[in-house]
Structures are given as structure tokens and as C-alpha cells.
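Let's take a walk through this structure together. Have the sequence and the 3D view at hand, and we'll go from the whole chain down to a single residue.

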Amino acid sequence: MDKRNRTTNVLIVGVGGQGVIMVSKVLAQLCQEAGHDVKQSEVHGMAKRGGGVFSHVRFGAKVWSPTIPEGEVDILVALEWAEGLRWIRHLKPETGTFIADCQKIVPPFACRSRKRGAEPAYAPQTPEEIIDQVHAGYVMDATGLAANLGNARAANTVLLGALSTALDFPEEAWAQVIAATVPPKSVQINARAFAEGRAWALGGTKRIDVTASGLQKSRAEVHHPQVETVVEITADWCKGCDICVKSCPERCLRLNDQLKAELALPDLCTGCQLCSWLCPDMAISVTNTPVQEAAS
Amino acid sequence: MKDTKTESAASFDVNDYLRQDRMPHFLCPGCGHGIALRALLWAVHEQGIPKDRLAVVSGIGCSGRLSAYIDANTFHTTHGRPLTFATGLKLARPDLHVIVITGDGDCLAIGGNHLIHACRRNLDITCVMLNNEIYGMTGGQVSPMTAEGRFTTTTPEGNTEPNFDACALAAAAGASFVGREVTAQVLALKTLLGQAIAHEGFSFVEVLSDCTEIYGRKNDLGASPEMMLAKKSAMRPYAYRNTVDVPFRPNALRTGVLTRTDRPEYGAAWRAMAARIRNEEH
């Protein structure tokens, strides 16, 4: 892949705090030491709040632009599954390599349904579907591997190990740059994480290994039982003060012709109980009964 | 917050604590007193106080009528004197949880003297002052909590007197637990009232309530949802005190637990003295 006369493009994407910048720093440093011209460009503004982070790394005999055009990415490294899918159209259709952690970080905007027990609207694509679309693909449980080594935060180094198999640099050069970049206390675990990731990726060019903390199970998923909500409004007690109508987060209440509160849009009600707490006339009662799940 | 929050919300039914034959209550539409009453009953429920161990004493005014709706031992007393009746009740029956519901006029004007002496004694009573800044029931006269410049029936050109800071007053007089909360923050209000009930000693809670029909109308403060939310956004939660100097509005009142001191409770000292005298007589 490393031909002196052309630019190699690596795009690293993930969620703030996962170590996207660290991966791109290691790669850029390595390329520079190998005598390439390197340009790196990143966006990490809202990273601290769990927003998306991406970093372009381009190297070759001479690099003219710091950013990679769409469809020109040789290797896409995704530290988070949905972030990888977000950028996958930037991958070179014929020869691109896709390396992803199956780690799932559900963003707040994927939780648009505020009903209890609602499924977040997360990327529904399966790893198999995605791997079929790319030239070479690796979907690994980097976070799980790193956690087994003792620190889940070393997941980015596991991915570096996988990345190292797709580029033409000697293994020792990678190890040296990683050791020089990471904090002194974590040199050992990062060295082991790198070796683990490299060994895993050498096992085949279209590998899927979704285990422990994989797509089926994510740290963000907490099981809330689905509930059946019943809103009872005692019309005789209601004085039509409008507090419940104005304070309902889902805007599902209204005052009827007799200026009594009524549940106009029951489908929107999430059973949050705010109306019953704020009703000065104690006319509203909200009961949430857990729905018995048939299967489990 | 712990998981118990949703649990207590599920197990609490306000109708268990209301005298069903008296409902609906007499309060105007949108009156904040109703929200405060519900929060108080919720706090009582959370503290696990049985209804026959609960005694609610109230004075005169809109707030005074609230005791009539509570299905417990209730005592509707004379104007400004609920704390006085409550003091006698608590000394005679220390096994009861005595809660006083009072208003700003009841507590600070007519009953101002009783309040400071109740604070000074530090008897184990919970005093809930519902502050709507006006004498609502009698037709909207100015109260000691009416803010400067506000219009009432007796201040048609605007109030020229400064108002009390009731919490500072209670703390200075010696109340060992002082807190303030708005009605819109129901969970915070419920938690604060629960802490006040659990506190050993005199606890004073100022609930910033809304009088929509008279105060809101005379001062053009909008309908009850607007009044309630305006109060909520004007407040400064006590938890912010070290990080934000003027977070929402200048001169905003602080909310949350404002004072909490460890002073000897009066009832114990009084009972010890009574026992000593009884022993000397025999």
C-alpha cells in the first residue's frame, strides 16, 4: 500500500474521550519518522460532551491538502460502531479497509422516544452487512479485549494493532512510537494491547468478532421495564388553571370546552407524573403498571 | 438520586391523606398552596408517619384552611397563633409529629412574635410557611412579605415598605433548620419538607407559593403557569452558592437548606425539669 508516489489516507473516527487524537498522533509521528510528508487535521470541539471526533491523517511523498476527499479514504478506523457507519461512505469503494470496534455508545439524540423501555434509535446495520460492502473489514471487540488486559481505555491501542497490519511499517517502529506517546504508567498495558490487536487482525481480512461488550450488549443500555400508563383526571376537582397543560413535557394535555384538563394525546404520554405533582387541585393521578413481558 | 424516588412516587397516593368528603378544596384555580400541600403529604408519606401520629395545626387565611383537607389530627386555630397551639400540643403529646401550616400574614404579621419565640425555644415542630406575598382570603391586603412596589388592595399606588426575609429572621431567632423552596420544584420541595420533618428541633420552611387570582392579577404577573415558572427561574438553588455568584437574576433568593444547626431540643429539657419537680414533690 505504501507507494512513494501517492498519498495514503487514514481516517480515524470515534466519540470524545475514546482516544481518537492519540491514535492519529501515533500514526502521524510514525509516518514522519519513516520519512513521509504528513498532514493531520482534526475536529474535536464538542468532544468532551460525548460528541463525534474525527481525525484525518495523510502521508506520502508530498501531501498537498490536510483533509481527505469523500471516497478517498484507504483505511477507516472507527472507535465506535455508529461513528464508523457515519463515515463509511468516505471509504474508497474498491480497496478501502474498514476497522471498527463494536463498542456502542448511544448518543442522546438516539433516545428520542422518552417512553420508558423504548428502544433507542441506534444504527440498525449488522456487522455482516457492513463487512459485505467493503474490500477488507475488521469488526472487533477492542474494548472487550482491552478490558481483559486490565483497562478498557486501551481499546484505541488495540485498534492501532489492527491498523498496523494494514500499513507497511515495522512492528518495532509502532511499539516505539506508542511507548513514547502514552503516559509512562500505561506503557506496558498499551504494548500488550497493541500486540493483541495486531495478532487478532492477522487472523483474516474479513473478520468479525463480536463478544463480551459487543453490539448485543452495551454499557449504555439499562433495562427499564415497559409500563402501561393510566392518567385519571377527576373533572369535578379540576379548576382549569392550565398548569398541567403548560408544564407537560410532551404537550399531551389540553383544556376542554368546560375548561377541564383532559388527556388529548394519550399516545404521547410517557408517564412522567409531572402533571400529577404540579396539579394544585390534586385532580390528576398517574399510575404506571409494569407490562409483563411474555418472553422472559 | 436513588431508585427509591420512583418507588415512593408509585406508592404515594395523595387520596389516602385527603378527607375525600371535603374535596375539591376551596383554593382558587392555580393557587400554589395546593402543590405545597401535596408535596407536604408526600414528604409525610416518605417519612413513614402514620396518620394518627400526625398532627397538623394551622392558623387563619388561605393556608389555614389546608389542615381541613388532611385526613389526620388537625387543628384550625386562631389568627397568628398556630405555633402557640402547636407548642402546647407538642409539650403535652411529644409522641405526635406536629406540623404547622401557616401563611405569610399569619406567621409574620399577626404571629410574628410567636414565630420568633418558637424559633428561640427550638421545640421539635415543623413550621411550613406558605408565602404568597399577600392576604389572599381577606381580599388582597398588603402583607409583611409583599415586595416593594407591588400593588395590593391596600397599596393601590404600590407598596413602599420593604419586606421581610423570613428565613433570615427565623435563623436569627434561633430556628435550627431553615429552608426555602418554590412550588414548581416539587421533588426538591418534597425532599426539603422531609428533611424538615425528620429534623430534631424547630424547623422552618418557607414555600414560595403563588396567589394568581389577586396578587397575580393586580400586578399583571400572568396566569398561574407563568407565575410559577417565573418564580422557578428567578431562584438561586442553595447548591450553587459557591460556584455561581448571580446565576439567574440579581438579588434572587436562595433555595434549599439554608441553616442547619445542632441545638438542644426544648421539649427534652422541659420534660426533664417537669420530672425533677414531680420527684421533689413526692
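**A guided tour**

Start with how chain A is tied together: among its contacts between residues at least 6 apart in sequence, 65% join residues at least 24 apart. Two residues are in contact here if their C-beta atoms, placed from the backbone, lie within 7 Å.

Before going on, a word on what you're looking at: this is a predicted model, where local features need pLDDT of at least 70, side-chain atom pairs count only at pLDDT 80 or more, and totals for chains, interfaces and linings use all residues. Residues are numbered from 1 along each chain as its sequence is written, while chains are lettered from A and ligands numbered from 1 in the order in which they are written.

Chain A has nine helices and eleven strands; these are DSSP runs, numbered from the N terminus, with helices being H or I of at least four residues and strands E of at least two.

Now find a pair of helices in chain A. Helix H1 (residues 20–33) and helix H5 (residues 155–164) of chain A pack with their axes 9 Å apart, at an angle of about 40 degrees. The axes are lines fitted to C-alpha atoms over the stretch in contact, and angles run from 0 to 180 degrees between N-to-C directions. On the H1(A) side, the contact is made by Met22(A), Val23(A) and Val26(A); H5(A) brings Asn156(A), Leu159(A) and Leu160(A).

Next, look at where the chains meet. Here 17 residues of chain A are in contact with 21 residues of chain B. Helix H8 (243–247), helix H9 (274–278) and strand E11 (284–290) of chain A each supply at least two residues to that side of chain A, and H8(A) gives the most, with three residues.

Finally, hop over to chain B. Ala68(B) sits in the loop between strand E1 (54–58) and strand E2 (73–76) of chain B. Why does Ala68(B) count as partly exposed? Because it has 14 C-beta neighbours inside 10 Å. Leaving aside neighbours within four places in sequence, Ala68(B) is in contact with Arg22(B), Thr74(B) and His76(B).

Conventions. A residue is buried if 20 or more other C-beta atoms lie within 10 Å of its own, exposed if 12 or fewer, and partly exposed in between; C-beta atoms are placed from the backbone.
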